[in-house]
Each structure stands twice: as structure tokens, then as C-alpha cells.
Amino acid sequence: YGTPKASEGEYRAIVKDAIYEMNQQGNYGVNDYVQLMFGILITNGERIEEVEIRKKYWKSASEKGAYRSELSGLLGRDTINGFNLGELLGKECIVSIKHIDGESGKFAAIEKAKSVDVAAAIEKAIPIERKSSAQEIVI
């Protein structure tokens, strides 16, 4: 902590890791959560650096909760009936960073993660790197 890893604002990011933890003590009792690690691309002068920031999504059936609204947005479908953590890996998104005052000073926290609308990103000139994943299909 001490100095935030990123300034407040919106950044391009990719989901680099996803873990599921069961029976964890939270602010509202014992519950499960999904923790995502985002690789966030930050421009530093002429260089682009990647910073890693994690966010926990406490399991909830509420449509307004981040577990359902943000994870469903990233997956492109409702998470109410479950999903495979592997589906989240490599997802491109936009994250909103806010600074939070903690015991050890300020730190950067992900306020919200939302799916990248490719057409809108092109209009706003947000560069999105695409890797070819062509596969040979045998019929």
C-alpha cells in the first residue's frame, strides 16, 4: 500500500486469474467469493505498463450485486445458474479505479469492471489487441 498502483480513472484490462473460495468470513457472515486478478494497462510516458489488481466478488443472487451484475457482464450471460471460472480468463474489459484510504495509506481499488464493447472501443479509439486463434476444423 502507501502509494496507489494506478491513478483514479478508467483503464483497459484483462482477466489474468480467477479463484473461487468457499466458506470465507466476510462483513456479512460466512460466504463464498470469486476473486479476479486484472492486468491493467497504464500509460507511463511513452511506455505502457501492466499493473495487477485483484477484486473479490462475494456470491449473491441479487441482480444489483457485483457478483451477478459484473461477472454476468464479463461473461455475456447471467451467472445465476453457475459458470466455469475458466470462461473469465482472458476477458478484455474496462475497469474503473478509485482510491481507498486504508490503514497503510491509499491504495487503488477496482470499483467496477465492465465488458469491452468492441464497436464502441473502436469509436473511442481505445486500442484492443487481438490474437489470432484460428483453428483447423475437421468435418
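Helices (H or I, at least four residues) and strands (E, at least two) are taken here as DSSP runs, numbered from the N terminus. The chain holds 2 helices and 5 strands. From the N terminus on, these elements follow the order β-β-β-α-β-β-α. The structure is a predicted model: local features need pLDDT of at least 70, side-chain atom pairs count only at pLDDT 80 or more, and totals for chains, interfaces and linings use all residues. Residues are numbered from 1 along each chain as its sequence is written, and side-chain values use heavy atoms, with hydrogens and water left out.

Of the 139 residues in the chain, 30% are buried. Buried means under 20% relative accessible area, exposed over 50%, and partly exposed in between (1.4 Å probe, protein chains only). The chain exposes about 9500 Å², and carbon and sulfur atoms supply 48% of this area. Accessible areas come from the Shrake-Rupley method with a 1.4 Å probe; for residues, only the protein chains shown count as cover. Contact means heavy atoms within 4.5 Å. Among contacts between residues at least 6 apart in sequence, 49% join residues at least 24 apart.

The 5 strands of an open sheet stand in the order S3-S2-S1-S4-S5, with antiparallel pairing. S3 and S5 are at the edges with a single partner strand each, so one side of each has no neighbour in the sheet. Neighbouring strands are turned by 30 degrees against each other on average, direction ignored. Two strands pair if DSSP finds at least two bridges between them. S1 and S2 pair in the antiparallel sense over 11 bridges. Gln 25 stands opposite Val 30 in S2.

Two strand residues illustrate the range of exposure. Asn 23 lies in strand S1 (residues 9-26). Its relative accessibility is 57%, so Asn 23 counts as exposed. The phi of Asn 23 is near 55 degrees, a positive value in a residue other than glycine. Gln 35 lies in strand S2 (residues 29-44). Its relative accessibility is 13%, so Gln 35 counts as buried. Leaving out residues up to four places away in sequence, Gln 35 touches Asp 17, Ala 18, Ile 19, Arg 54, Lys 55 and Lys 56.

The largest nonpolar core has 25 residues. Such a core is a set of buried Ala, Val, Leu, Ile, Met, Phe, Trp, Tyr and Cys residues joined through side-chain atoms within 4.5 Å. The residues with the most contacts inside the core are Leu 36, Phe 38, Ile 40, Leu 71, Leu 88, Val 95 and Ile 97. At least two core residues come from each of S1, S2, strand S3 (47-58), helix H1 (66-75), strand S4 (92-102) and strand S5 (105-115). S2 gives the largest share, 5 residues.

H1 is mostly covered, with 7 of its 10 residues buried. Leu 71 and Leu 74 are among them. The cover over the buried residues of H1 includes S2, S3, S4 and S5. Beyond residues up to four places away in sequence, Leu 71 touches Val 34, Leu 36, Tyr 57, Ala 66, Thr 79, Phe 83 and Leu 88. Just after H1, Gly 76 takes a positive phi of about 80 degrees.

Ile 80 sits in the loop between H1 and S4. Its relative accessible area is 43%, so Ile 80 is partly exposed. Ile 80 and Ala 61 are 19 residues apart in sequence and 6.6 Å apart in space, C-alpha to C-alpha. Ile 80 touches Ala 61 and Arg 68, not counting residues up to four places away in sequence.

Key. Axes fitted to C-alpha atoms, helices over the stretch in contact; angles between N-to-C directions.
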